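Thank you all for coming. I would like to walk you through one model today, so please have the sequence and the structure in view.

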Amino acid sequence: MGVLPWVWWYGFRRHTAYPLGSLTESLTNTVFGFMRAYVLLALWDVRPSLGGYAAADAVTFCFITQALIGPVQIFGGMELTERIRNGDVAIDLYRPVGLQGWWLADDLGRAAGSLVLRAGPPLLAGALVFPFRWPSPPNLTAFAVALLLAAVVGFALRYLVAMGMFWLHDDRGLNAVTLVMSLFFSGMILPLVVFPGWLGGVARALPWSAQIQVPADVFLGRYSGAGVAGALAFQAGWAAVLLGAGGLMTRAARRRLVVHGG
């Protein structure tokens with residue numbers, strides 16, 4: 001077996017080592033899911049069928065977003081950022097695999113661990129208390145693919161932020177900006193279908209929508225036939241573009257990095 005599957009496996013083991021901590025995070029996501037669900041129900045009570053969603057769609061969307069917080073890592077950055085800051089990235093660059101490929105495998109292991117330990121409780125709690133819309137088997141299969149692509153897009157965005165450390169030396173400002181963009185344009189705060197006019201069109205075309213809005217719409221069955229393939233192609237396209245940009249930044253960072261000592 002190659003190196004990267006082992007990296008994925010150890011990433012998965014590392015992020016499932018403390019299941020009680022993950023359960024606590026999952027319960028927090030569930031509580032916030034209930035708060036958001038009641039707000040959305042109040043909004044849909046005033047504006048039924050807002051954005052083409054029924055009230056059950058809006059509530060289901062709410063709990064899907066809470067379940068995806070961990071796998072797509074909307075909040076938080078990467079361990080790589082600190083390694084660039086303290087110089088340990090020099091060790092990473094000596095490894096027999098590419099820097100981006102190594103960290104992608106590790107992050108997908110993290111995402112899988114988070115999916116196993118954190119995604120279930122919000123969905124189950126939402127389904128037990130509120131009207132809920134479960135996907136059909138074909139949509140569930142498509143959702144699994146969409147979730148994988150969402151995790152890749154999320155990694156690629158965070159990797160670009162981490163690479164910025166080679167030039168900025170401090171990621172706090174960049175992280176603050178990208179966090180706001182992620183929350184607003186992914187659908188984490190409100191479904192993008194409620195955004196009016198050109199703002200909605202722009203929001204749905206940006207890469208952040210591939211993290212939350214697109215997987216949620218696949219789950220809800222908002223796409224049919226070729227629409228599902230188009231949604232997955234949209235995610236895959238952004239993943240390819242962002243990973244390509246990450247590869248270019250990695251090459252530029254290699255030329256910039258100076259390692260002193262033996």
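Predicted model: local features only at pLDDT ≥ 70, side-chain atom pairs only at ≥ 80, totals over all residues.

Residues are numbered from 1 along each chain as its sequence is written, and side-chain values use heavy atoms, with hydrogens and water left out.

Let us start inside. A nonpolar core here is a set of buried Ala, Val, Leu, Ile, Met, Phe, Trp, Tyr and Cys residues joined through side-chain atoms within 4.5 Å, where buried means under 20% relative accessible area, exposed over 50%, and partly exposed in between, with a 1.4 Å probe and protein chains only. The largest such core has 52 residues, of which Trp44, Tyr53, Phe63, Leu68 and Val218 touch the most other members.

Now to arginine 118, which is buried, with a relative accessible area of 13%. Its side chain makes a polar contact of 3.4 Å with that of glutamate 25, a polar contact being a pair of N or O atoms within 3.5 Å, where within protein one must be able to donate a hydrogen and the other to accept it, and residues adjacent in sequence count only if both atoms are side-chain atoms. Beyond four places in sequence, arginine 118 is in contact (heavy atoms within 4.5 Å) with Ser22, Glu25, Ser26, Asn29, Ile69 and Gly70.

Finally, tryptophan 8 counts as partly exposed, at 34% relative accessibility. Together with Trp6, Trp9 and Tyr10, Trp8 makes a nonpolar surface patch of about 430 Å²; patches take residues with over 30% relative accessible area and no salt bridge, joining like charges within 9 Å and nonpolar side chains (Val, Leu, Ile, Met, Phe, Trp, Tyr) within 5 Å. A salt bridge is a side-chain nitrogen of Lys or Arg within 4 Å of a carboxyl oxygen of Asp or Glu, and accessible areas come from the Shrake-Rupley method with a 1.4 Å probe, only the protein chains shown counting as cover for residues.
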